[in-house]
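Here is a short report on one protein model. Look at the sequence and the structure, then read on.

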Amino acid sequence: MSDGVATAIIEVAVDPPTAFEVFTEEVAAWWRASESVRFEPGVGGRVLALGREPEAPPIEVGRVIVWEPGPRLAFTYRGDTEVEVRFEASEHGTRVVLEHRGFDRSLAPDLSDDWAALLGRFADRSRERILIGRLAEFVTAIAQNDVEFFRENMTDDAMCVFPGTDGVYDREQTAAGMADHPPYAKYLLEDPRVIDAGPTAAVLMARGVIQRVDDPTPRSVVVSNTFVNRDGVWKLAFVQWTPA
């Protein structure tokens with residue numbers, strides 16, 4: 001009997017258009033380890049299963065039947081089954097509701113659990129998206145010597161360690177140092193990565209190139225950042241620059 005219905009629901013702290021984008025464009029980062037899928041955008045676009053072997057050709061496993069960036073996605077999947085995903089705005093971001101319909105329950109009784117696990121990985125990826133965006137805001141603030149941004153977005157007990165200095169700076173010392181610091185001609189972070197992340201704390205690493213306006217010598221650094229979630233806002237708790 002093809003009357004099975006599986007449901008999975010999760011909340012993510014990004015808006016519906018971003019949640020839709022992560023779901024459809026960054027699926028390789030959160031799908032199953034054994035394979036990934038790719039969505040061809042738009043109604044009629046193929047849903048392709050991608051093996052982990054680079055030379056393996058993609059296999060069509062479905063077709064997009066609804067493509068509404070932001071509110072809704074629906075696609076056929078592996079035969080006559082249908083998956084619908086709704087992205088509903090919520091107080092803290094987006095409530096993602098997934099329904100998989102039309103499968104034989106006697107052959108696949110645990111699809112709700114399978115989809116719940118996948119949506120958990122999707123939520124992790126959405127959180128990474130937030131954190132990398134948050135890091136970009138700090139990079140912009142550094143380039144602009146925005147002292148008030150740092151005061152407002154660092155924790156009260158934040159610590160900062162910079163190359164060529166002898167100590168650890170607290171939030172106010174860091175802000176004061178920025179006020180007196182020559183502006184940067186270049187402050188570029190490359191390939192930021194979330195090393196570890198949970199609901200309330202995360203560590204991000206990135207390589208960077210910095211160059212002050214009063215010193216033409218570019219310097220390569222490795223930057224380690226620890227963020228903590230305070231009342232729904234990711235704040236900087238620790239940063240360390242190390243010469244690369």
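## Helices across strands

Which strands does helix α2 (residues 111–143) lie across? Helix α2 lies across β1, β6 and β7. It runs at about 20° to β1. Keep in mind that this is a predicted model.

Helix α1 covers residues 16–25. It lies across β1, β2, β4 (59–68), β5 (72–77), β6 (81–90) and β7. Its angle to β6 is about 150°.

## The sheet

Seven strands form an open sheet. Their order is β1-β7-β6-β5-β4-β3-β2, and the pairing is antiparallel. Two strands sit at the edges: β1 (4–12) and β2 (35–39). Each of them pairs on one side only. From one strand to the next, the twist averages 25°.

Now take one pair. Strand β7 spans residues 93–103 and pairs with β1 in the antiparallel sense. Nine bridges join these two strands.

## A closer look at phenylalanine 162

Where is phenylalanine 162? It is in the loop between β8 (154–161) and α4 (171–180). Is phenylalanine 162 buried or partly exposed? Its relative accessibility is 22%, so it counts as partly exposed. The cut-off for buried is under 20%.

Which residues does phenylalanine 162 touch, leaving out those up to four places away in sequence? They are Tyr169, Thr174 and Trp241. Valine 221 is 59 residues from phenylalanine 162 along the chain. The C-alpha atoms of these two residues are separated by 9.9 Å.

Notes
Residues numbered from 1 in each chain as written. Predicted model: local features only at pLDDT ≥ 70, side-chain atom pairs only at ≥ 80, totals over all residues. Heavy atoms only, no water. Pairing = 2+ DSSP bridges. Helix = DSSP H or I, 4+ residues; strand = E, 2+ residues; numbered from the N terminus. Axes fitted to C-alpha atoms, helices over the stretch in contact; angles between N-to-C directions. Contact = heavy atoms within 4.5 Å. Buried < 20%, exposed > 50% of the residue type's maximum accessible area, 1.4 Å probe, protein only.
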